[in-house]
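Please walk through this structure with the model open beside you. The report below takes it part by part.

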Amino acid sequence: MVASKALGGAERWAIRFSLALAERRVPIELAIRLGSGLDGLEYGSLKVHRLPYRTTWDPFSRDAVARTIHRVRPQIVQTYMGRATRLTRLGRSSGPVHLARLGGYYALGPFRHAHGWIGNTKGLCDWMIRNGLPAERVYHIYNFADPMRTVAGDRVRELRAAHAIPEDAWVLVALGRLVGFKGHTHLIEAMARLPERIGGRSLRLLIVGDGPLGPSLQRQAIQVGQDRRILWSGWQKDPAPYLQMADLVVFPSLDEEPLGNVILEAWAWQKPLVTAQFRGAREIVRHAEDAWTVPCADAPGLAFGIRTVLEDPALAQSLAAHGQTRVEREFSPDVILGQYLELYRRLSGG
């Protein structure tokens with residue numbers, strides 16, 4: 001159950017997760033908010049319920065949730081984020097097990113009535129336990145990365161031409177909403193510290209995403225003289241062509257970033273990665289082995305990391321290869337979905 005109005009990273013994950021289970025013939029149904037950014041997307045054979053999800057105190061919305069659960073009669077009800085969780089009220093004596101899945105350090109009040117809680121990092125699970133949730137009902141399962149899906153070369157060339165990217169240019173790609181904790185301001189400052197050419201090649205940064213800070217970030221790029229080298233794609237439903245185009249993925253998030261799916265995406269696409277050492281990165285990344293890491297909010301460090309990786313092809317190749325190995329062993333759909341299904345079997349009695 002996902003009650004969000006807008007389509008962001010957490011919502012994309014919930015959809016990817018649901019579709020992946022459906023592809024494996026797991027009996028799953030999805031409930032989304034009527035008229036939201038999730039409505040109208042393609043769900044294939046996955047059955048989708050469209051509920052009002054208007055406010056957390058709205059009795060009509062709560063009744064619609066209860067009636068849907070009664071009609072479907074599931075063994076597990078998994079809710080994402082606060083609104084869907086608050087509107088889902090299930091007794092503890094019998095019936096479905098209510099799992100609240102958290103992907104961030106949210107206030108726990110709206111989640112405490114669930115029967116169990118899933119956190120997508122170990123650090124998040126430890127934090128939930130420290131804040132009063134019973135350890136025996138807090139479960140840690142990471143996110144997965146979808147396998148690399150090759151995009152037609154013509155499509156990539158069209159995008160490159162649309163952004164007027166020179167043929168010889170390095171392409172840096174930064175994925176994420178244009179909000180403060182994603183750290184774009186420090187990346188733009190880092191670009192101003194980089195030379196015109198690295199290894200004889202010019203440089204372009206392609207920022208993929210949109211958000212409230214878009215206008216101010218574009219003004220910053222102009223102020224530091226980087227408007228020619230920094231390109232803006234806006235929000236993209238499918239980031240695959242941009243990942244395929246990338247010579248390097250840069251992820252400058254601040255410590256508020258819980259996990260950082262971009263890390264997993266870069267690894268799945270076999271791309272070298274420069275990332276800030278936010279909470280999720282500190283937990284899963286190994287510096288100079290599967291990514292080059294720098295302190296958060298450190299523009300000089302970002303610039304140094306970018307230059308270091310681009311100037312050392314052997315290092316770039318090694319980072320990408322080790323990242324791919326990490327995804328295959330630890331963060332593939334089969335590995336992560338297997339952990340979810342094992343938890344579901346245990347909680348539902350098999």
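Predicted model: local features only at pLDDT ≥ 70, side-chain atom pairs only at ≥ 80, totals over all residues.

Ala297 is partly exposed, with a relative accessible area of 44%. Look for Ala297 in the loop between strand 13 (292-294) and helix 11 (299-310). Its phi is near 55°, a positive value in a residue other than glycine. Most residues other than glycine have a negative phi.

Tyr53 also has a positive phi, of about 45°, and is not a glycine. Tyr53 sits in the loop between strand 2 (47-51) and helix 2 (59-72). Is Tyr53 buried or exposed? Tyr53 is buried, at a relative accessible area of 0%.

Four of them form an open sheet in the order 3-4-5-6, and the pairing is parallel. Which strands stand at the edges? They are strand 3 (76-80) and strand 6 (138-140). Each has a single partner strand, so one side of each is left without a neighbour in the sheet. On average, neighbouring strands of this sheet are turned by 25° against each other, direction ignored.

Look next at strand 4 (residues 97-102) and strand 5 (residues 116-119). They pair in the parallel sense over 4 bridges. Ala100 stands opposite Trp117 in strand 5. Strands of a sheet pair through backbone hydrogen bonds.

## Helix 1 meets helix 13

Helix 1 and helix 13 pack with their axes 11 Å apart. The angle between them is about 75°. An angle from 65 to 115 degrees counts as roughly perpendicular. The two helices are therefore roughly perpendicular to each other.

Which residues make the contact? Helix 1 brings Trp13, Phe17, Ala20 and Leu21. Helix 13 brings Leu337, Tyr340, Leu341 and Tyr344. By class, the contact has 8 nonpolar residues, no polar ones and no charged ones.

## Salt bridges across the chain

Side chains of opposite charge can pair when their charged atoms come close. How many salt bridges are counted here? The count comes to 18. One of them joins Asp334 and Arg24, with the closest N and O atoms 3.0 Å apart. Asp334 lies in helix 13 (residues 333-347), while Arg24 lies in the loop between helix 1 (9-23) and strand 1 (29-33). The pair therefore ties together parts that are 310 residues apart in sequence. Asp334 is exposed, at a relative accessible area of 56%. Arg24 is partly exposed, at 35%.

Asp168 and Arg197 form another salt bridge, at 2.6 Å from N to O. They are 29 residues apart, and the pair links distant parts of the chain. Asp168 is in the loop between helix 5 (153-162) and strand 7 (170-175), and Arg197 is in strand 8 (residues 197-198). Asp168 is partly exposed, at 30% relative accessibility. Arg197 is partly exposed too, at 43%.

Return to helix 13. Glu342 and Arg345 both lie in this helix. They are 3 residues apart, about one turn of the helix. The two form a salt bridge, with the closest N and O atoms 4.0 Å apart. Glu342 is partly exposed, with a relative accessible area of 44%. Arg345 is also partly exposed, at 44%.

Some salt bridges share partners. In this way Asp290, Arg326 and Glu330 are joined into one network.

Note on methods: Residues numbered from 1 in each chain as written. Heavy atoms only, no water. Pairing = 2+ DSSP bridges. Axes fitted to C-alpha atoms, helices over the stretch in contact; angles between N-to-C directions. Salt bridge = Lys/Arg side-chain N within 4 Å of Asp/Glu carboxyl O. Buried < 20%, exposed > 50% of the residue type's maximum accessible area, 1.4 Å probe, protein only. Parallel < 35°, antiparallel > 145°, perpendicular 65-115°, else oblique. Contact = heavy atoms within 4.5 Å. Nonpolar A, V, L, I, M, F, W, Y, C, P; charged D, E, K, R; others polar.
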